[in-house]
Amino acid sequence: MRFSHRRLIAALFALSLSACTPNVVDNTPAKVLESYIQISFSAKGADDKKKMQELLTGDTLTRLAAWSDEQFEKAFIETKKKFDGLKILDNKRVTENEVVLTYELAYKEGPADKNAQITQRKLATVVLESGAWKIKEVRSIRESIEYLKELSLP
């Protein structure tokens, strides 16, 4: 009986530890980037700015935090951008606490009758801070704009 009792205590202890440990599967550099982009394209108010800030660190966090509510609304809420897709092209571990992601972001921008397909290739540095991955820096590599319904002259 004593052996079973120890097993039960060990199992309960392991269960209590797992309840306090963040879900590592959901906390990856790629998932943090995906979450940030998802929130940015579906932003509706100041609460979304706070959610975005939770995923940032360093200068990127400082810059977004410095934006007024009006600047945030103009950049993320009032824009006519429609998310099309995100592809992680490369995932390189620089150190144990730093990963560099190369990704391609695609979206449509503008009114429906004159929208453009925008494709951006970017480089994101994501770092591990206090057990959570956060976006430290994002750099643009290339951007292409395709006007979908524009006339062109020969």
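Glu34 and Lys31 lie 3 residues apart in helix 2, which means that about one helical turn separates them. Helices here are DSSP runs of H or I with at least four residues, strands are E runs with at least two, and both are numbered from the N terminus. I begin with this pair because Glu34 and Lys31 are about one helical turn apart, and their side chains meet in a salt bridge at 3.9 Å, N to O. By salt bridge I mean a side-chain nitrogen of Lys or Arg within 4 Å of a carboxyl oxygen of Asp or Glu.

Before I continue, a word on the source. This is a predicted model, in which local features need pLDDT of at least 70 and side-chain atom pairs count only at pLDDT 80 or more, while totals for chains, interfaces and linings use all residues. Residues are numbered from 1 along each chain as its sequence is written, and side-chain values use heavy atoms, with hydrogens and water left out.

Returning to the pair, Glu34 is partly exposed at 32% relative accessibility, and Lys31 is also partly exposed, at 37%. On this scale, buried is under 20% relative accessible area, exposed is over 50%, and partly exposed is in between, with a 1.4 Å probe and protein chains only.

How many salt bridges does the rule give? The count comes to 6. Another of them joins the side chains of Lys92 and Asp90, at 3.8 Å, N to O. Lys92 is exposed, with a relative accessible area of 51%, whereas Asp90 is partly exposed at 30%.

A further salt bridge, at 3.1 Å, N to O, is formed by the side chains of Arg121 and Glu104. This pair links distant parts of the chain, with Arg121 in strand 3 and Glu104 in strand 2, 17 residues apart. Arg121 is partly exposed, at 25% relative accessibility.

I turn now to the largest pocket. Its volume is about 660 Å³. A pocket is an open set of points on a 1 Å grid over the protein atoms alone, where a 1.4 Å probe fits, with protein on both sides within 12 Å along at least five of seven lines; lining residues have an atom within 4 Å of a point. The volume is the space filled by probe spheres set on the points, which are joined across faces, edges and corners.
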